[in-house]
Protein chains: 2
Amino acid sequence: MSSHFQSVALEHASRLINHGPTVLVTTRHGAARNIMAAAWSMPVEFSPPRVSVVIDKHSYTRELLHASGHFALLIPGAAWVDQTYAVGSVSGRDGDKFLRYGLATFDGPVLGLPLIEQGMAAWMECRRIPEQHTEDAYDTCFAEVVSAAADPRIFSGGHWNFSEANRDLHTLHHLGAGNFAVAGMPRKAREL
Amino acid sequence: MSSHFQSVALEHASRLINHGPTVLVTTRHGAARNIMAAAWSMPVEFSPPRVSVVIDKHSYTRELLHASGHFALLIPGAAWVDQTYAVGSVSGRDGDKFLRYGLATFDGPVLGLPLIEQGMAAWMECRRIPEQHTEDAYDTCFAEVVSAAADPRIFSGGHWNFSEANRDLHTLHHLGAGNFAVAGMPRKAREL
């Protein structure tokens, strides 16, 4: 595990995806593991920190998620645009994508999920909350966040800090067909 | 209704929120109407176009949503940052926010919901899919999109087209506490 990431307090974990970034979903069950991209995720509660993510029921990720009950969400930075699209375009059933794309992982602290820090803004480990109906009807999987960490150059003290200096870590937001908007410099709303 | 918006094919409607923008939720029931901001929404299916959005069960919007069975999602552009935060910061129970902030509306074509085009990139009318359990447990409301339109300067032919020329319509992504990342110029992933 690279040393520069810092723990994110669980009550701040939902803020990591509050602004709708495209995420990577990693899973592990026994010797099997996988990574995919998901554009459709959101927080549903701050405390306890709960999220939902849409994962196709025919995907290898869903198979491993149901077998293990766990998944991780990783938030890639802008420099990772090619890898993000790549892991979202092929199936892990056709071979280990971590090996195929040379992705170095380490084991998550609570659930042992395969995590990546190089190129990532943040990550979180999640425990599935079984919701059979919404999983079946909407491919929508609910989960509780049990550990989270972020690169303090872009997220610290519970807040995102986008700047010119950390452009490579600005989050990706998939528009479709491999086109990603990158989160730009923030604007502060004035009171009306 | 201003004339420059163009209909979005229903099979493309989910793309309007694919990249995680903060949205405005409008509702109407009889003479009552409301508008709020919501950072937590996502598509759950392309066809039929279905979405989910987190709306607090104690909010006035939830009350009107349940009474009418309908809501609209509006996607504000960057120039609307102050209004977006404002309508997310006060309750419609304390007075009509459209009047308070001088927001001109027109009636949606299918459900008659209060819509706005000035300052918006797009809008969609949605019919609630009753899911009592997820509404209760996660404040997560599922719905099907029944009409959609967008400003063709930024979304046309089923695709977002972010450019320097349409910066005022770039989408807002709420980081928290009134700070919004603005979707910047897109990057196209290269094949690995």
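The structure holds twelve aromatic pairs over all chains. The model is a predicted one. In chain B, one of these pairs is formed by B:F106 and B:W123 and is edge-to-face, with the centres 6.3 Å apart and 70° between the planes. The UniProt record, an unreviewed entry, lists residues 15-157 of chain A as "domain: Flavin reductase like".

**Aromatic pairs**

- B:F106 belongs to strand β7 (residues 106-107) of chain B and B:W123 to strand β9 (residues 120-129) of chain B, so their pair ties together parts that lie 17 residues apart in sequence.
- Both members of this pair, B:F106 and B:W123, are buried.
- A stacked pair is formed by B:W160 and B:F162, at 5.4 Å centre to centre and with 25° between the planes.
- B:W160 and B:F162 are likewise buried.
- In chain A, ring pairs connect A:F155, A:W160 and A:F162 into a cluster.

**The annotated region of chain A**

- Across residues 15-157, chain A is 19% helix and 41% strand.

**Strand β9 of chain A and its partners**

- Strand β9 (residues 120-129) of chain A is mostly covered, as nine of its ten residues are buried.
- Strand β6 (residues 70-76) of chain A runs antiparallel to β9(A), and seven bridges join the two.
- Within this pairing, A:L74 has A:W123 of β9(A) as its bridge partner.
- β9(A) is also joined to strand β10 (residues 140-150) of chain A, by eight bridges and again in antiparallel fashion.

**Helix α1 of chain B**

- Helix α1 (residues 60-68) of chain B has B:Y60, B:T61, B:R62, B:L64, B:L65 and B:S68 as its buried residues.
- The elements of chain B that cover these buried residues include the strands β2 (23-29), β3 (32-38), β6 (70-76), β9 and β10 (140-150), together with α4 (132-138).
- Just after α1(B), B:G69 adopts a positive phi of about 80°.

**A sheet with strands from both chains**

- An open sheet of three strands has the order β15(A)-β14(B)-β13(B), with antiparallel pairing.
- β15 (187-188) of chain A and β13 (172-176) of chain B stand at the edges with a single partner strand each, so one side of each has no neighbour in the sheet.
- β13(B) and strand β14 (residues 179-182) of chain B run antiparallel and are joined by four bridges.
- In that pairing, B:G176 stands opposite B:N179 of β14(B).

- A:T22 is located in the loop between β1 (6-7) and β2 (23-29) of chain A.
- With a relative accessible area of 3%, A:T22 counts as buried, the cut-off being under 20%.
- The side chain of A:T22 reaches the backbone nitrogen of A:H174 at a distance of 2.9 Å.
- Apart from neighbours within four places in sequence, A:T22 is in contact with A:A38, A:A39, A:P76, A:T84, A:L172, A:H173, A:H174 and A:F180.

Conventions
Residues are numbered from 1 along each chain as its sequence is written. Chains are lettered from A and ligands numbered from 1 in the order in which they are written. Side-chain values use heavy atoms; hydrogens and water are left out. Buried means under 20% relative accessible area, exposed over 50%, partly exposed in between (1.4 Å probe, protein chains only). Two strands pair if DSSP finds at least two bridges between them. UniProt positions are given in the numbering used here, feature names are shortened, and annotations may be inferred rather than shown by experiment. Rings of Phe, Tyr and Trp (its six-membered ring) pair if their centres lie within 6.5 Å; planes under 30 degrees apart count as stacked, over 60 as edge-to-face and the rest as tilted. Contact means heavy atoms within 4.5 Å. A polar contact is a pair of N or O atoms within 3.5 Å; within protein, one must be able to donate a hydrogen and the other to accept it, and residues adjacent in sequence count only if both atoms are side-chain atoms.
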